[in-house]
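Okay, thanks everyone, let me put the model up on the screen. Have a look at it for a moment and then I'll talk you through it.

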Amino acid sequence: MEPGSGQGPGGGMGQGMGQGMGMGRGGGMAMGPGPGRFMPENFRMMGQSFHAAGQRFAEQARAMGESPDAAEVTALMGSLQEVTAVCRSCHDTFRLIIEDGS
Ligand code: HEC
């Protein structure tokens with residue numbers, strides 16, 4: 001990932017989650033230029049766990065090589081479950097409420 005990506009308008013979840021929440025910015029978690037500074041503390045924490053789980057999953061997937069055996073695939077699915085567990089815990093905690101005034 002390029003430093004500085006995901007900061008522009010419309011960076012969205014895809015790009016913005018990558019850089020915007022300040023992983024690896026050396027302690028600047030709350031101060032980074034990304035959307036993280038507008039997030040409630042526990043939302044940001046869940047975002048961080050999400051990055052960490054996603055990272056583990058990606059590294060494991062990359063390390064598997066061309067023809068993984070069944071045990072490797074099973075282990076990978078375990079990592080994927082860690083990712084989706086964070087999806088779920090965040091969704092259980094946060095909901096958007098649209099107030100359209102009508
Ligand atoms: C850090 C918190 C967080 C994490 C982690 C997260 N989400 Fe979300 N997600 C949200 C929020 C907040 C919304 C908006 C919820 C709402 O509409 O009430 C949302 C909305 C969504 C929606 C749209 C739902 C709808 O009704 O339109 C989808 C689909 C979705 N998330 C999928 C995922 C998946 C898949 C993952 C994991 C791979 C994930 N999210 C991880 C916070 C998160």
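I'll start with the overall fold, go on to the helix pair, and finish with the ligand.

Quick housekeeping: this is a predicted model, so local features need pLDDT of at least 70 and side-chain atom pairs count only at pLDDT 80 or more, while totals for chains, interfaces and linings use all residues. Residues are numbered from 1 along each chain as its sequence is written.

So, the protein has three helices and zero strands, where helices are DSSP runs of H or I with at least four residues, strands are E runs of at least two, and numbering goes from the N terminus. Of its 102 residues, 8% are buried; that's 20 or more other C-beta atoms within 10 Å of a residue's own, with 12 or fewer being exposed, anything in between partly exposed, and C-beta atoms placed from the backbone.

Now the pair, H2 and H3. Their axes come within 9 Å and cross at roughly 165°. Those axes are lines fitted to C-alpha atoms over the stretch in contact, with angles from 0 to 180 degrees between N-to-C directions. H2 and H3 are therefore roughly antiparallel, the label for angles over 145 degrees.

Who touches whom? On the H2 side you've got, among them, Met46, Phe50 and Phe57, and H3 brings residues including Leu76, Leu80 and Val86. Contact here is C-beta atoms, placed from the backbone, within 7 Å. By class, the H2 contact with H3 has eleven nonpolar, five polar and two charged residues. Nonpolar is Ala, Val, Leu, Ile, Met, Phe, Trp, Tyr, Cys and Pro; charged is Asp, Glu, Lys and Arg; the others, Gly among them, are polar.

Gln55 counts as partly exposed because it has 13 C-beta neighbours inside 10 Å.

Last, the ligand. Which residues come nearest? Of the 13 around it, they're Phe50, Cys87, Cys90, Arg95 and Leu96, where "around" is a C-beta, placed from the backbone, within 6 Å. H2 (41-63) and H3 (70-93) are the elements giving two or more residues to that shell, and H3 gives the most, with six. By class, the shell has nine nonpolar, three polar and one charged residues.

How values were computed
Angles under 35 degrees count as roughly parallel, over 145 as roughly antiparallel, 65 to 115 as roughly perpendicular and the rest as oblique. Two residues are in contact if their C-beta atoms, placed from the backbone, lie within 7 Å.
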